[in-house]
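Here is a short tour of one protein chain, written for someone meeting it for the first time. Keep the sequence and the 3D view open as you read, and look up each residue as it comes along.

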Amino acid sequence: MTETKQVELFGGAMVCTIPAHWRDVAQIRQVPDNQEVYQDCAEETGAILVVEILEHQSDVSNDDASRFFFEDLADSNGCSKPEDRVLHSSSDDTCNLIPNVLKSMQQLSVKESIHCFVSVGSQRVAQGRDTDIADRPIHNESKWIDIEMCALRMKHVETDLLLTLSTPNGNNAAEGVSKGREQHSNAFRSILSSFNVTDWSLFD
């Protein structure tokens, strides 16, 4: 069994359990204030977990949420071609995956419900710089990345909270995701099941 540890996010306002060998990326580089980032540093997997607080996208319906956030990430990753972004599956309103958050809301007597959407996909992302030191365009190798994403839509605090696990695809092909990781990985499921909001004043 993989050894795990509990980590505090956003000054202790949230917590979750991750593999013990994952490191806090903020210790080696600057991370945006609205993100917490952890990376697998024991193997050459390069797996990265990002927990991100976003303003609630009121113009995005719940039905479109999974694809919207997946496509938004693809844009951020520079996946300019449609064939470089493949959404394999998505599940609507799977709040059973985040039991601790539901309990926390019940204790606070929050009447409004939250909505949880999970998705699995792949994106082909360029590695390294786009230009050399003379600012001349260079050809970068592109690699397929497995994307596992959970979007928590919390309208009562005007927030969309994203948990995203990105892992290099060993097969380096979009087909590899659908064969090997159509379902959420054990690590991602453990992160979701342990995730909790312990201080809701963060959203005030």
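In this predicted model, four aspartates, D63, D64, D92 and D93, come together as a negative surface patch. Start by finding D64, which sits in the loop that links β5 (48-55) with α1 (65-76).

**The negative patch**
- The patch carries negative charge because Asp counts as negative, and its members are D63, D64, D92 and D93.
- D64 has a relative accessibility of 47%, so this residue counts as partly exposed.

- Look for an open sheet of 3 strands, arranged in the order β1-β2-β10 with antiparallel pairing.
- The edges are taken by β1 (4-9) and β10 (196-197); each has a single partner strand, so one side of each has no neighbour in the sheet.
- How many bridges join β1 to β2? There are 6 bridges between β1 and β2 (residues 14-19), and the two strands run antiparallel.
- To trace this pairing yourself, find K5, which stands opposite I18 in β2.
- Then find V7, whose bridge partner in β2 is C16.
- In a regular strand, side chains alternate between the two faces of the sheet.

**The hairpin turn and F10**
- β1 and β2 make a hairpin, with 4 residues between the two strands.
- F10 belongs to the loop between β1 and β2, and its phi is positive, about 55 degrees, although F10 is not a glycine.
- Is F10 buried or exposed? F10 is buried, because its relative accessible area is 13% and the cut-off for buried is under 20%.

- You will find E158 in the loop between β8 (142-154) and β9 (159-168).
- With a relative accessibility of 49%, E158 counts as partly exposed, because exposed requires over 50%.

- A187 is part of helix α4 (residues 186-194).
- A187 is partly exposed, with a relative accessible area of 27%.

Terms used:
Residues are numbered from 1 along each chain as its sequence is written. This is a predicted model: local features need pLDDT of at least 70, side-chain atom pairs count only at pLDDT 80 or more; totals for chains, interfaces and linings use all residues. Side-chain values use heavy atoms; hydrogens and water are left out. Patches are made of residues with over 30% relative accessible area and no salt bridge: like charges are joined within 9 Å, nonpolar side chains (Val, Leu, Ile, Met, Phe, Trp, Tyr) within 5 Å. Accessible areas come from the Shrake-Rupley method with a 1.4 Å probe; for residues, only the protein chains shown count as cover. A salt bridge is a side-chain nitrogen of Lys or Arg within 4 Å of a carboxyl oxygen of Asp or Glu. The place of a charge is taken as NZ of Lys, CZ of Arg, CG of Asp or CD of Glu. Buried means under 20% relative accessible area, exposed over 50%, partly exposed in between (1.4 Å probe, protein chains only). Two strands pair if DSSP finds at least two bridges between them.
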